[in-house]
Structures are given as structure tokens and as C-alpha cells.
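Here's a quick tour of one protein chain, written for someone new to reading structures. Keep the 3D view open and follow along topic by topic.

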Amino acid sequence: MTRSTVSNIVKDLVDVGVLRTAATSRNGRHAVQVSLVRGQGLVAGIHFSSRRLRLVIAESSGKVVAERSDLIAGDNRADTELDRAVILLAAMAEEMGNSLSDVKAVGVATAVPVDSDGSTPKLGINAGWEGVRIRDILQKLLSCPVAIGSEATLGALAEVRTGAASGFQTVVYLHAGYTISAGFVFEGQPFIGAGTRYGLLGHVSFDGDGGICRCGNRGCLETTASGRALVSQFRDEPGMNRLSDLVDTAIEGNPRTSRVISDAGRSLGIAAAAVCNLIDPDILVVGGELAATGELLLGPMRHALERFVVGGTKLVPEVVPGGWAPRSAIVGAVESALALLSSRSVVRVA
Ligand SMILES: [Zn+2]
């Protein structure tokens, strides 16, 4: 085809809204960038985990078209991370030939609980992220509706919609990462209680005389089984600064890191047994960074469940790694954004 023929076809497709053109440059020369206009626009997911920022842009069909994942500092704060997420999202959209205004809805997963008004409660356990009106701030910065929920709630949502818990009605999702939390699905829908302290499984105390926790209590599950606690046991060893270092070496067969992860699995199993005795879920899904260790974590978990679930082995629910792990929360964030965009389903996650 001649240049003018291509130009006319592009012009016709721009006129009917199929393509979009933008001035750009290539090899120092002026050029026209042609990009596809996608259906109802794009949606995005943002996951502010304890040590990692994940961002996804997806089409209205749910197909992921851009994704990035960056480590963030342990002392990260909402005031800097919210701005950073918006800047990175804008850069991702531009790399695709779009702009931030093409993103029509955003779902956000946080490492902290979220109140029903989209703000973080003041619980004294999440320095830098307390009393922040995250939904309002992001809606203003992004100029689009924002759905928000905890990483465990949105992880549970992803797993029950399209992951390992697909088709189950009563689901407990255990986020096992730097922090520990739980997400619940009842009758196929996420459950967040009154909406402030839900899912704080990591701060259930199992030893009144145990170590002091960042929440001020003693003997919380997080003091022994969280990624934060596991990494602290190797703090003086080079190359063992991150949870991923422990996970990788355990998978490779390192006896010491394997041991601390299997011990964490046992503690998680005891805590999960208490949850099972209260809720009686159909299935227990494990997500978060520790889920990558598979049976190293899940084996001791099952063993503890068999010992501590009332009724014994036959009443222990199936325990499986998340089908989307360790991306469950960001997949759930995209799902909640799609729900906003299409209003095809009402998902109350905060
Ligand atoms: Zn605690």
C-alpha cells in the first residue's frame, strides 16, 4: 500500500473511534504514533504491599496489557507512595501510547486494613499509613473512581473469582508475607465486618508471655511467623536481607531457611485451625510471598490443622497455594476496578 493509502485508512479509523494518533518522534524525526482505542477504556490495579509496589493496567476485558513491580523501603509512607504510584501509572500508560485519562477506574490493595470510607484506621501498627484518606486522595490524583481494599480481602476476591477457590462459597485466604492477614469470602462475596479491624490474623496473640509485637501486644502470630520475623533471624548474614532471599534459598534446599519457613507453616496452621473452628471454610488458600515455598510451608500447616481442628483430619479443609500467588491482591484490585467500570457486579471491599 502506498503511504497515502495507509494514511487514509488510519484517518478513517480515527474518525470512527477505533484508532488514536499522537505526535511523537523516532530517530530524531517527527512521526505519528498510532494506537488502538480500547473499548470502554482501561482499568488499573495498584498494590501497596509492605515491601513492594505492584502496578497493572488492563483492558476492559480484564486482559493485562502492562505490569511492573518495584521493591519499596521498609519504612515507606503513604504520602510518597501514593504520588509515586500515580507517576508510574502515567508512565506505563504513555509507554502504551495512551494517557492516564484513558484509565477509567482503579482498584487499590493495601497492606493495611481500610475503613468503609476508604481511609486507613489509626490502629498504631502501620506508621506512615494511618489516618490517610487513600481513596479520596487517589480519586483526586487520578480523576476516576477508585475501589480499595486490604491485600487479603482483594487476594481472596481474586482467588474466588478466577483462582484456586473458584466455585467455593466459604473461603479463607491467608496472606503470608512480610505481614500476615486474612481475607474472607462468605456466600461468594468478600466480607469485611464493620470495616476497621477485619482480617488482622497476624495480631491474634497465641502466647501472652511471648515477644512484644509492633502492635503493642505480646505473642502475636506475626512475632514468630511473619516474613518480617523470619528475615530478622538472618539480619547479620549477607544476602539474606529480603524475604525473597529466604524463600529462594529454602526452595533450593538450604536447611536453615527451610526450617524457619516450615516452623512458620506450623504456627500459621495453629492460627488457621482457630479460624477453621470459628468459620468452617470450604477451602483455605495461602497467598503472599511465602506461598512460593509450596509444601515447605503448606505441609506443616496441614499437619498443625489436623492436630488442632476440632474433629480431626476428616474435617480439615483443603489447603492450597493461591492460584494467582504472589499476585493475588493485584488481580483482585483489577477485578474491583472492572466492577466499578462495568457495574456488572457490586463488590464491597471497603
Ligand atoms: Zn501484634
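In strand β4, Leu55 is the bridge partner of Ile46. Everything here comes from a predicted model, where local features need pLDDT of at least 70, side-chain atom pairs count only at pLDDT 80 or more, and totals for chains, interfaces and linings use all residues. Residues are numbered from 1 along each chain as its sequence is written.

- Strand β3 (residues 42–48) runs antiparallel to β4, and 7 bridges join the two. Strands here are DSSP runs of E with at least two residues, helices are runs of H or I with at least four, and both are numbered from the N terminus.
- Two strands count as paired if DSSP finds at least two bridges between them.
- β3 and β4 make a hairpin, with 3 residues between them.
- On its other pairing, β4 goes with strand β5 (residues 64–71), again antiparallel and over 7 bridges. Here Arg54 stands opposite Ser69 in β5.
- The hairpin of β4 and β5 has 4 residues between the strands, and Gly62 in it takes a positive phi near 100°.
- Why is β4 (residues 52–59) described as largely enclosed by the rest of the structure? Because 6 of its 8 residues are buried. "Buried" means that 20 or more other C-beta atoms lie within 10 Å of a residue's own (12 or fewer is exposed, in between is partly exposed), with C-beta atoms placed from the backbone.

**The open sheet and its helices**

- Next up is an open sheet of 5 strands with mixed pairing, in the order β10-β9-β8-β11-β12.
- β10 (189–191) and β12 (318–321) sit at the edges with a single partner strand each, so one side of each has no neighbour in the sheet.
- From one strand to the next, the twist averages 25°. Angles run from 0 to 180 degrees between N-to-C directions, and axes are lines fitted to C-alpha atoms, for helices over the stretch in contact.
- Strand β8 (residues 171–176) pairs with strand β11 (residues 283–287) in the parallel sense, over 5 bridges. His175 has Gly287 in β11 as its bridge partner.
- Helix α8 lies across β8, β9 (180–186) and β11, and runs at about 160° to β8.
- Helix α9 (residues 295–308) packs on the sheet too, touching β8, β11 and β12, and its direction makes about 165° with that of β12. Touching means being in contact: two residues' C-beta atoms, placed from the backbone, lie within 7 Å.

**A look at Leu268**

- You'll find Leu268 in helix α8 (residues 255–279).
- Is Leu268 buried or exposed? Leu268 counts as buried because it has 29 C-beta neighbours inside 10 Å.
- Leaving out residues up to four places away in sequence, Leu268 touches Leu174, Ala176, Ala225 and Met301.
- Leu268 and Leu201 are 67 residues apart in sequence, and their C-alpha atoms are 9.4 Å apart in space.

**Helices α2 and α3**

- Helix α2 (residues 78–95) packs with helix α3 (residues 134–142) at an angle of about 35°, with their axes 11 Å apart.
- Ala78, Leu82 and Val86 in α2 meet Ile134, Ile137, Leu138, Leu141 and Leu142 in α3.

**The whole chain**

- The chain's secondary structure comes to 10 helices and 12 strands.
- Of its 350 residues, 47% count as buried.
- Among contacts with a separation of 6 or more, 63% are between residues 24 or more positions apart.
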